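Reader: I have a structure open and would like to go through it piece by piece. Can we start as soon as it is up?

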Amino acid sequence: MQDAIEILGLTKDFGAVRAVDELRLRVAPGEVFGFMGHNGAGKTTTLRMLLGLTPPTSGAARVLGRDVVGETLAVRRVCGYLPADYALPPDMTARQFLVYVAAMFGLTGAVAAGRARELLAQFGLEAAADRKLRGFSTGMTQKVGLAQALINEPRVLLLDEPTSGLDPLGRHELLELLRGLARDRGVTVVFSSHILSDVESLCRRVAVMHHARLIACDEVAALKAAHGVTSMDDLYLALVRREAA
């Protein structure tokens with residue numbers, strides 16, 4: 001079976017600073033894959049390289065068999081993306097914005113309106129659908145961001161800190177949504193988060209990055225057993241301390 005994501009020695013330098021160092025990993029189709037690490041570890045840069053938003057210095061990567069450098073547009077058509085720092089156009093309404101994003105994927109008219117309506121309902125935003133985005137709370141803004149990432153019914157979903165700003169109920173609903181997308185539709189999800197309990201709840205396998213390098217990639221249960229820990233916090237600390245030793 002072809003990997004949904006294949007990363008082969010992916011490296012990114014910003015001048016003298018190495019942001020991602022020889023990253024190698026694979027993500028299976030329909031897998032919800034966790035991506036962990038401190039701020040600046042290289043997670044966001046990796047996601048941006050997978051979408052062709054940041055060119056790699058060396059190495060290669062493929063998404064659903066498509067080269068992220070040579071076939072960037074084809075990659076973006078099958079992906080949904082929520083960046084960590086997501087800004088919405090303040091003078092658009094939520095509905096207008098989702099229809100606008102749909103148009104970038106070639107969805108127009110009734111199809112675009114229908115997708116926007118469905119997603120607004122899914123995220124409990126019907127009552128705010130025609131309000132200007134400038135007045136949205138942090139949690140509402142995050143929900144609109146998640147909705148736009150799903151507007152094209154992506155086969156691969158790249159999420160950078162998607163539960164940031166959500167209250168406990170919103171986080172629970174999002175995690176259930178992602179489980180359903182993977183289980184029922186075969187969507188591959190890369191879930192990057194510093195909220196380790198969310199990663200553990202959602203992901204069977206995780207990759208851990210530290211100072212631009214991959215320091216662990218395995219099933220959560222196997223990593224915990226190997227390091228003699230029971231919590232995700234203790235696992236992360238054990239991995240980082242091992243690197244510092």
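Reader: Which helix is Met104 in?
Author: Met104 lies in helix H3, residues 94–104. Helices here are DSSP runs of H or I with at least four residues, strands are runs of E with at least two, and both are numbered from the N terminus. This is a predicted model, where local features need pLDDT of at least 70 and side-chain atom pairs count only at pLDDT 80 or more, while totals for chains, interfaces and linings use all residues. Residues are numbered from 1 along each chain as its sequence is written, and side-chain values use heavy atoms, with hydrogens and water left out.

Reader: Is Met104 buried or exposed?
Author: Met104 counts as exposed because its relative accessibility is 55%. Buried means under 20% relative accessible area, exposed means over 50%, and partly exposed is in between, with a 1.4 Å probe and protein chains only.

Reader: How far apart are Met104 and Asp160?
Author: They are 56 residues apart in sequence and 21 Å apart in space, C-alpha to C-alpha.

Reader: New topic, sheets. What is the strand order in the open sheet of 6 strands?
Author: The order is S6-S7-S8-S3-S9-S10, and the pairing is mixed. Two strands pair if DSSP finds at least two bridges between them. Strand S6 (79–82) and S10 are the edge strands, each pairing on one side only. From one strand to the next, the twist averages 15°.

Reader: What packs on that sheet?
Author: H1 does, touching S3, S6, S7, S8 and S9, and its direction makes about 150° with that of S7. Contact means heavy atoms within 4.5 Å. For angles, axes are lines fitted to C-alpha atoms, for helices over the stretch in contact, and the values run from 0 to 180 degrees between N-to-C directions. H9 lies across S3, S9 and S10, at about 140° to S10.

Reader: How many residues of S3 are buried?
Author: Strand S3, residues 32–37, has 6 of its 6 residues buried. In a regular strand the side chains alternate between the two faces of the sheet. Here Val32, Gly34 and Met36 are buried on one side, and Phe33, Phe35 and Gly37 are buried on the other.

Reader: What does S3 pair with?
Author: S3 pairs with strand S8 (residues 188–192) in the parallel sense over 4 bridges, and 5 bridges join S3 to S9, also parallel. Phe33 stands opposite Val190 in S8 and opposite Arg205 in S9. Val190 is also the bridge partner of Leu158, and strand S7 (residues 156–160) is joined to S8 by 5 parallel bridges.

Reader: And the open sheet of 4 strands, what order does it have?
Author: Its order is S2-S1-S4-S5, with antiparallel pairing. S2 and strand S5 (66–67) are the edge strands, each pairing on one side only. Helix H1 (residues 43–50) packs on this sheet and touches strand S1 (5–14), S2 and S4, with its direction at about 115° to that of S1. Strand S4 (residues 58–63) runs antiparallel to S5, joined by 2 bridges, and Val63 has Arg66 as its bridge partner in S5.

Reader: What is the phi of Glu22?
Author: About 55°, a positive value although Glu22 is not a glycine. Most residues other than glycine have a negative phi. Glu22 is in strand S2, residues 17–27, and counts as partly exposed because its relative accessibility is 43%.

Reader: What about the phi of His211?
Author: Phi of His211 is near 50°, again positive in a residue other than glycine. His211 is in the loop between strand S9 (205–210) and strand S10 (213–219).

Reader: Which residues have the most contacts inside the largest nonpolar core?
Author: Leu157 and Phe191, in a core of 53 residues. A nonpolar core is a set of buried Ala, Val, Leu, Ile, Met, Phe, Trp, Tyr and Cys residues joined through side-chain atoms within 4.5 Å. Helix H6 (residues 168–185) gives the largest share of this core, 6 residues. Leaving aside neighbours within four places in sequence, the contacts of Leu157 include Gly80, Leu178 and Val190.
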